[in-house]
Every structure is written in structure tokens, then in C-alpha cells.
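Colleague: I'm new to this structure and would like a close look at a single part of it. Could you take me through the sheet, and then how the helices pack?

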Amino acid sequence: MTTVPVLAELDDALQAAVAATRERVAALHAELPRWGLVVWTAGNVSERVTVDRGNGPEPTDLFVIKPSGVSYDELSAENMVVCTLEGTKIADGTPEHLVPSSDTAAHAYVYRHMEGVGGVVHTHSTYATAWAARREPIPCALTMMGDEFGGEIPIGPFALIGDDSIGRGIVETLRDSKSPAVLMANHGPFTIGKDARAAVKAAVMCEEVAKTVHVARQGGEIHLIPQDLVDRLNDRYQNVYGQH
Ligand SMILES: O=C(CO)[C@@H](O)[C@H](O)COP(=O)(O)O
């Protein structure tokens, strides 16, 4: 029988790292309604817990995600759920009935199979989900897409919720792609990032470009950006743009 880790029994550094991750993940959930990416409770953010023991941040085998079906207004650091990378809730001090997001298995699978990923986000944002319903990748016709996605936003397979299927689809689609977003067929966008904030940003950008390319197509033919120019946009945005 596997024993469930008890948060209060973990070392001080790890407990502090979990507490800080819970704060971040709770605050980032507020970004989903703020950017118009979710209705009701239909979207989630998670972040891998990293701990710094004096040698820089090191990944742990825990991550933090929201509880399932709880209103965004009611989310706080205290009710963020702590899970192992197998997707099992640990004894994290929250009530036993507070179960983690229904997408927990998908997030956990991504963390287990994509080492550099520190944050995962899922939404059902309207325009991105409309492309997912058509199972049509979003073509790279905007500099913002070159910047953030390095090309088209791909479609992932159809997968039922509840087990590893969605996670497998995300990993298969994104493993060899520059895009931090995949549109899971008939479902919606999943985004990844080095941390939860980066994954939330990708979700915001994904919805924005899904909307703009859709609107552009209503007015006529869209023009794709040649891949060599997309590569240059992406390189500049990822390595030069912003503060360092
Ligand atoms: O796609 C689905 C359900 O079909 C999920 O993404 C939920 O919409 C979000 O659920 P919780 O995170 O609240 O469990």
C-alpha cells in the first residue's frame, strides 16, 4: 500500500515552497475570469512545486491545482490542493471532500513527461475552443503568433476526461513543437510554460490570436507568415523582448 505524504511532516523548506506555490496558483486563477477565458468553474491552473535549498530552484514531485467545481471567487491559497505527480492528493490540510480539478490526471501526466514544464493551464475560451471544435489548427498569420507560439497552434487528439488520455495527447502534440498551446479536439486549449504565470500568459495569447485570425478570415483570405520570418520573430521575442 502506498502511503500518502503529509504536508505538515515535510521539511520546512518544502512546506514554505508549497505555501508560496499555493499563493501564486490561487492568484493566477483570478486571471482566467479577468481575461474572459472561462465561464462558471470551467478552467484550471497548476504549478509544479520547486524548492530552493541554496543551489537554485529544484523541481519536486508535488504540484498545486485548484479544487474541482469551486467558484473562482471562492478560491484562495488555503483551498488549493497539493498533489503528487501521479495526480494523488496528499494530506495537505484541506478537507478530505475537497477533491482536485477533474483535469488533475492530465496536468500530472504533463509534469511527469515534460521535464521543463512548471505550469499547466486549461480553459474553454470561446474562440480557441471554436477552432478545437472544427479540429483546425490556427494558422500562423500574426506576428504575435510567431512571437509566442513559433508557428501554428496545433490540434491534439480527441480524448475523454478522467485518465491519462488528455495528458498523453498534450505531450504527443507539444513534445516536438515550439507552441506552448494545443487545442484538444472538441474540448479546448491546454497551455504549458516554465511556470504557471507563463502558461496563463500562453492561454491569454491563444484566445487573442484565435479571435483575431477568425475575424480576419471573415474579411477575406489571410496570408501566412513564411516560416523563416516566424523563426526570427520567435527568437527575438523569446530571447530579447522585455526585461532580463
Ligand atoms: O473540461 C472540463 C470538464 O469537461 C473541465 O476542464 C472542467 O470544466 C473544469 O473542471 P474543474 O477544474 O473545476 O474540475
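Predicted model: local features only at pLDDT ≥ 70, side-chain atom pairs only at ≥ 80, totals over all residues.

Modeller: Let's start with a pair of strands. Strand S1 (residues 44-52) runs antiparallel to strand S2 (residues 57-65), and six bridges join the two. To find your place in that pairing, look for Glu-47, which sits opposite Val-64 in S2.

S1 and S2 belong to an open sheet of seven strands with mixed pairing, and if you read across it the order is S3-S2-S1-S4-S7-S6-S5. The edges are taken by strand S3 (81-84) and strand S5 (155-156); each has a single partner strand, so one side of each has no neighbour in the sheet. Back at the pair we began with, helix H1 (residues 12-29) lies across S1, S2 and S3, and H1 runs at about 155 degrees to S1.

The chain has an average pLDDT of 97, with 100% of the residues scoring at least 70. As for the overall scores, ipTM is 0.96 and pTM is 0.97.

On to the helix pairs. Take helix H4 (residues 126-134) and helix H7 (residues 196-219): their axes are 7 Å apart, and the packing angle is about 70 degrees. That makes H4 roughly perpendicular to H7. The crossing of H4 past H7 is left-handed. On the H4 side, the contact uses Thr-126, Tyr-127, Ala-128, Trp-131 and Arg-134, and these meet a set of H7 residues that includes Cys-206, Ala-210, Val-213 and Arg-217.

From H3 come Ala-106, Tyr-109, Val-110 and His-113, while H6 brings Ile-166, Gly-167, Arg-168, Ile-170 and Val-171. The contact of H3 with H6 splits into six nonpolar residues, two polar and one charged.

Methods
Residues numbered from 1 in each chain as written. Heavy atoms only, no water. Axes fitted to C-alpha atoms, helices over the stretch in contact; angles between N-to-C directions. Helix = DSSP H or I, 4+ residues; strand = E, 2+ residues; numbered from the N terminus. Parallel < 35°, antiparallel > 145°, perpendicular 65-115°, else oblique. Left-handed = near helix turned anticlockwise from the far one by under 90°. Contact = heavy atoms within 4.5 Å. pLDDT = per-residue confidence, 0-100. Pairing = 2+ DSSP bridges. Nonpolar A, V, L, I, M, F, W, Y, C, P; charged D, E, K, R; others polar.
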